[in-house]
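Subject: Handover of a structure and the findings on it

Dear colleague,

Please find below the structure that I am handing over to you. I would be grateful if you kept it open while reading the notes after it.

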Amino acid sequence: MMNGSMLKTEIYKIFSKRVIWISMAVFLTLYLVLKLQFWDNVSIRYTLEPMRPQLTEAVENPAFHEFVRKSSYNCSTEEMRAFVPEPVYEYIEQYRGNERIYRSLNSDLAGILNNYFERIDQREAFIQELAQKVSGSGGTALDRAKARLLQAYRETPVPIELNLEDSANNFIDVNHAALFPGLIMLLVIAGLAGIYSDEYTSGTQSALLTSRQGRRGVFLSKAIAAGIFVAGVVLVTEAFFMVVTAVCYRVPSSTVSAASTYGLSLTLYGGSVYGFCLRQVLGTLLAGLTLGSIVMCISVFSKSALIPFFAAGAYYGGTAIYANSVPFPRYLSSLWSLPGEWSLFMLQTQFELVEAGRYTSIFGLLVPTLATNAVFNLLLMAACLGICYWGYTGKQVRG
Amino acid sequence: MELSVRNVTKDFGGKRAVDHVSFTLSCGVYGLLGPNGAGKTTLMKMLVDILTPSEGEVLLDGVNIRELGAAYRDKLGYMPQEIGVYKNFSAQKFLKYIAALKGITGRAADKKIDGLLDLVGLRDAGRKKLGGFSGGMLRRVGIAQTLLNDPKILILDEPTAGLDPQERIRFRNIISELSENRIVLLSTHIVSDMEFIAGEVIIMREGGILKTGAIDHLLRKMEGKVWSALVSHEEFHRMKGQYAIGNMVQKNGGVEIRVIGPQKPPLACEPVKPILEDVFSYYFGGDV
């Protein structure tokens, strides 16, 4: 059916394209240059992390929480003095000689504590609002989604902790910032666009189709080579991003829950920031494999690599733009939001899909929207590979 | 071993490219002759199973080649009209890949590739990138590629196109050597090549078979139908529309022509020994 030599050559055919290496080098350099601007930044280098025990004790004081709430989460450092232990101020005071560090720590203290209480209250208000809505609801899918969500919010322990360093947010942002996930996919498209159509343009199709290994063997070797290429591109770029992020923003001193980072206070995901990052990397891998299958599927019917390049690019870009433009509904995904929610970009970032719990009704069955995205893209990948197999095994060489 | 084409037809939309063609090939060299658009390449593509007939079937020893699948392809060597290669591959690397596709790997592949590069005179260029190869060199790579699996059925579409005279002779000799215990079907526009290599010819016209038979037999049947005459330019132009004219050479202020037809033309001429080109001219007349 297939042998190692065929697979090796198929991998070589993809990797020997200079455009891939040049694009990758440009793209990684761009990332490095952009991120290096934050290297050794004052707010990254000097954090309140050494004061974690004192601050953790302070935020457990209900009076402090109430005080911040009454000030509409806009307390200044000085106004917090009554609740924050003195060693914290002494810690900041030691940098008085260096205005930038001193101001940064002061601003961090107020910002982090205000935000901490605000996020807890936001979550509580959200759950209360949901409870009110559930009490007067009927039996529609939306009603059932609300009830399921309320139950999930009440039963799932999602810790909101003090997030004293900026690095946790930045690790999540690696796959959340729209540009870089898109560039990874651009490499996937560029690498695979000619996987079948190049055989047409180079005139090698008949040699492949009349060989002993035949259509199935060639299809299999190309599919495996494409998978290896996608995995390589995703893992190398993600590893590079993580290393650069770790160097520029530092590795967080303590692991906090993803719910403790900006924008995720309403999430039902109870894991750590690292756990969330790993899910994003796995999502990017699945998105890459799905997009690779789409590219292969178009390439098998194309006489030029430009067609799969632009068609797959349009699919990825179009759904990503849609996902970033359409307002996602609360509680239950709609037919209008699903094209965005099921986009490959959303599978990569996952951020908007987990920022608050949301279900999709599949023939009356409520499934978390993130899970439906993964299943949809797995099915899309299987369908594209199936069409590609059918297209290649039935290929007719006319011209 | 017998390769049978049974009532094979191929339609492209409303256009019929091959029209109910039937013949049987056993071991030997066969030439496929016909003008452009006669359906030769389409027929060859159906023989190598990269094009499915609209009607009819191709059988190897009585079994449909589609059912035989890999077992048929294992016996098959196909050289298309346009030789396709990966320009960034060396000849050796390209042949190694094709060998892998044909199920030959490791040392066996290396040995086979070295031998074939030697055979086609490309041993010194084996490590060079195919992007720098001339048309003739690429065609030789194509020949090597076709022979990698030691095929029992060779289908060669215009194998000598682009080869210089020396390369053509070398290729003809390779085919002659290989023809024992093999079925070789080749098409070429160079009719003289066919005369040297093929034992039998299949002449196609407008998708159908016009004539088949041994070359000797066809030539014998042409005896008394080919004449040589020295005519003036005016006579030549007058005759062009009435008779099939084979070779013509400017000579002594006139034109020496080979006239092909069932009857002697009404001018001073001598019967000459027919060649395969005359057979072609006889059947295609003004098409030539």
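Predicted model: local features only at pLDDT ≥ 70, side-chain atom pairs only at ≥ 80, totals over all residues.

Residues are numbered from 1 along each chain as its sequence is written, and chains are lettered from A and ligands numbered from 1 in the order in which they are written.

Chain A and its domains

Chain A holds 19 helices and three strands; helices (H or I, at least four residues) and strands (E, at least two) are DSSP runs, numbered from the N terminus. Its C-alpha trace spans about 85 × 60 × 30 Å along the principal axes. Of its 399 residues, 40% count as buried. A residue is called buried if 20 or more other C-beta atoms lie within 10 Å of its own, exposed if 12 or fewer, and partly exposed in between, with C-beta atoms placed from the backbone.

Domain bounds come from an automatic or database domain assignment. For chain A, this assignment gives domain 1 (4-37 + 166-393) and domain 2 (42-136). The centres of these two domains of chain A, taken over C-alpha atoms, are separated by 38 Å. Seven residues of domain 1 of chain A are in contact with eight residues of domain 2 of chain A, where contact means that the C-beta atoms of two residues, placed from the backbone, lie within 7 Å. For chain B, the assignment gives domain 1 (3-75 + 151-219) and domain 2 (224-272), and their C-alpha centres lie 33 Å apart.

Where the chains meet

The contact between the chains takes 22 residues from chain A and 28 residues from chain B. On the side of chain A that touches chain B, the elements that give two or more residues are helix H1 (4-15) and helix H12 (205-209) of chain A. The largest share of that side, five residues, comes from H12(A). By class, the side of chain A that touches chain B has five nonpolar, 14 polar and three charged residues. In this count Ala, Val, Leu, Ile, Met, Phe, Trp, Tyr, Cys and Pro are nonpolar, Asp, Glu, Lys and Arg are charged, and the others, Gly among them, are polar.

The nonpolar cores

A nonpolar core is a set of buried Ala, Val, Leu, Ile, Met, Phe, Trp, Tyr and Cys residues joined through C-beta atoms within 7 Å. The largest one has 155 residues, and those with the most contacts inside it are A:Ile189, A:Leu192, A:Leu291, A:Met296 and B:Phe94. Helix H14 (residues 273-299) of chain A gives the most to this core, with 13 residues. Apart from this core lies another, of 15 residues, among them A:Met51, A:Val68, A:Leu105 and A:Leu162. Leaving aside neighbours within four places in sequence, A:Leu192 has contacts that include A:Ile14, A:Phe229 and A:Met296.

The sheets

Two strands pair if DSSP finds at least two bridges between them. In chain A, three strands form an open sheet in the order S1-S2-S3, with mixed pairing. Its edge strands, each pairing on one side only, are strand S1 (331-332) and strand S3 (365-368) of chain A. S1(A) runs parallel to strand S2 (residues 358-362) of chain A, and two bridges join them.

In chain B, four strands form an open sheet in the order S12-S13-S11-S14, with antiparallel pairing. The edge strands here are strand S12 (244-251) and strand S14 (270-271) of chain B. Strand S11 (residues 226-231) of chain B pairs with S14(B) over two bridges, and the bridge partner of B:Ser228 in S14(B) is B:Glu270.

Two residues with positive phi

Most residues other than glycine have a negative phi. A:Tyr331, however, has a phi near 65 degrees. This residue lies in strand S1 of chain A and stands opposite A:Arg358 in S2(A). A:Tyr331 is buried, with 21 other C-beta atoms within 10 Å.

B:Asn181 also has a positive phi, of about 60 degrees. Its place is in the loop between helix H7 (165-178) and strand S8 (183-187) of chain B. B:Asn181 is exposed, because 9 other C-beta atoms lie within 10 Å.

Yours sincerely
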